[in-house]
Structures are given as C-alpha cells and as structure tokens.
Amino acid sequence: MTPDVLFQSLWNDYIQRLCPSAEQVHHLLQEDEPLINDHIALRTFNVAPLGIATLAQPFLDAGYKPCGDYEFESKKLVAKHFEHPDPKQPKVFISELKVNECSDELQEIVAKLVAQVDSNKLSGPDFLYGGRLWDLSFADYQVLAKESEYASWLAAHGYGANHFTVSVNQINAFSEVKDVNDHLRESGFSINEFGGEVKGSPEVLLEQSSTMADKVPVQFTEGSEIVPGGFYEFAKRYPMSNGDLYPGFVAASADKIFESTNG
C-alpha cells in the first residue's frame, strides 16, 4: 500500500470516528495548496502482539525508516518516530504503554482485551484504522481512566490516528502557532493549555499546539457513552544549522500534547 492510500484511509477513519471537527478545522486553514500533514500519532500497548513493531510494519512496508526514540516516565510510555525518504510524506509517531509497570488491576483488564485479539487481523495495514479489536465494558474503561488516560483512550477506541497535524510552516495567513490558536478560538474551538498553549520554542526547533479532543460516542458492553476522541495538532518547525527543518520531536512538548485527550 502506498503512503498516500494509507494516510487517506487513516484520515477517513479519523474524521468519521475519532475527530469529526477536524474537517471543519481543515477548511478553516485550507489555502490554495492542499494542507501538509506534518505527522500522525498512534497509540498501543507493549503487549504481544500489539507493540510498536506491529503498528510500524505497514509503514516500514511503505518505505518508512525508524528515527527517534522517546520516553515519558510519568506516563509510563515509550515512543518511536518514523520518516519516509520523501520529505513530503507525514512523519509517524507511535507510542506504547508499559503495561508491566502499571497496577495489577490495569494489567488484568489489558490482558482481557488482548486475549480477544485475532492476530490474523494484524498482518496487513487495515487494522491501523479499524478501531477496536476487543469488547470493553464501561466499568473497565472507568477503572483504566483513573490510572491512565492513555490506557482508557486506547481501550475505548482501539486503533486509528489519535491526531493529524497541520504544518504551520506552509500556512500563509498565520506565521505563528499562537495566531492559529487564536483563529480557531474565534471559531469556537478549545485549545489545549496544559503546559501553556504553545509547547516548545524556536530554541528547541519545534513549536506545537492542539485542540482539545472531540467528545464522541463509543459502544461499550453496557451501551453507548460519550468519551474523549481525537484532536487536531499544529506544528511549526525551525531550521537546523544545515538549513533543513528539524524533523524530530521534543519529548517535553509531546508530553503535554498527550493531555489533549484528558476528559
């Protein structure tokens, strides 16, 4: 599968199931040229067969290469990012929860979920935008949410893009991330202000911001409930000493972007 087809499938799932408001944001920022997607983010558990390597494989098959490694100690997460030789293709940021470092209660719930996974469904790219591979009770969702918002989000939604990201570098109408935030606020969107509304700085070569996650319906075994879904991110990259834009991520900033899905 080509990167273009893969990302179109991820986008379609994202705007239908996880972040319907992204389409409106897209239209608000769209200019003459198609918006450049800086990166997407995916979440998973570090439990076989669902670790980072499994989610990365369809991207590796499409020509991507592993680049940076990241750790988020307080959230018990590790992550990798992947890049394509064609710099116009989006970067991919995949994180996983270190389930073995969480409480026994969380581990037991995750084990119940993973036990339902048909590993045959993981052999192609379709599962990346296929949603949940398990049934989940709202009671278990609430237990997970008390300990790890990340775990409850992943348990509720399964696989799909947690967020897409607009490249602010491309936008002519706004040169600063804060200007994008202000424009979206005026249109009724809530901006993630955890750690400040703009995460990062020119000094670390990357600035980021994001909307707060949409609230979307999810089917649990007891019935449908409204829970936080996906969000839309905005990134401005600064040139390195060689003149190329910085291609990586800043862990301290990404840590605060994770808060976009807090209820």
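Reader: How much space lies in the largest pocket?

Author: This is a predicted model, in which local features need pLDDT of at least 70 and side-chain atom pairs count only at pLDDT 80 or more, while totals for chains, interfaces and linings use all residues. Side-chain values use heavy atoms, with hydrogens and water left out, and residues are numbered from 1 along each chain as its sequence is written. A pocket is an open set of points on a 1 Å grid over the protein atoms alone, with protein on both sides within 12 Å along at least five of seven lines. Taking volume as the space filled by probe spheres set on the points, which are joined across faces, edges and corners, the space in the largest pocket is about 850 Å³.

Reader: Which element gives the most residues to the lining of the largest pocket?

Author: Lining residues have an atom within 4 Å of a point; 29 residues qualify here, and Ile36, Asn37, Lys88, Gln89 and Pro90 lie closest to the centre of the largest pocket. Elements are DSSP runs numbered from the N terminus, helices (H or I) of at least four residues and strands (E) of at least two. Those that give two or more residues are helix H1 (3-18), strand S1 (37-45), strand S5 (163-167) and strand S10 (231-237). With five residues, the element that gives the most is H1.

Reader: How many residues in the lining of the second largest pocket are charged?

Author: The second largest pocket contains about 190 Å³ of space, and its lining includes Lys75, Lys76, Glu147, Glu149 and Glu259. Asp, Glu, Lys and Arg count as charged; Ala, Val, Leu, Ile, Met, Phe, Trp, Tyr, Cys and Pro as nonpolar; and the others, Gly among them, as polar. Beside four nonpolar and three polar residues, the number of charged ones is five.

Reader: Which element gives the most to the lining of the largest cavity?

Author: A cavity is a set of grid points where a 1.4 Å probe fits but cannot get out, and a search of the whole structure finds one of 30 Å³ or more. The largest cavity holds about 100 Å³ of space and is lined by 13 residues, with Phe93, His163, Glu233, Ala254 and Ile257 nearest its centre. Two or more residues come from each of S1, S10 and helix H8 (251-257). With three residues, the element that gives the most is S1.

Reader: Why do the buried residues of H4 lie on the same side of the helix?

Author: In H4 (residues 104-114), Leu106, Ile109, Val110, Leu113 and Val114 are buried, that is, under 20% relative accessible area, against over 50% for exposed and in between for partly exposed (1.4 Å probe, protein chains only). On the other side of H4, Asp104 and Glu108 are exposed. The buried residues have heavy atoms within 4.5 Å, the limit for contact, of S1, strand S4 (91-97), helix H5 (138-147) and helix H6 (149-157).

Reader: What distance separates the C-alpha atoms of Val227 and Tyr129?

Author: Val227 is found in strand S9 (residues 223-228) and counts as buried at 3% relative accessibility. Not counting residues up to four places away in sequence, Val227 touches Phe138, Tyr141, His157, Asp214, Lys215, Val216, Val218 and Phe220. Val227 and Tyr129 are 98 residues apart along the chain, and their C-alpha atoms are separated by 18 Å.
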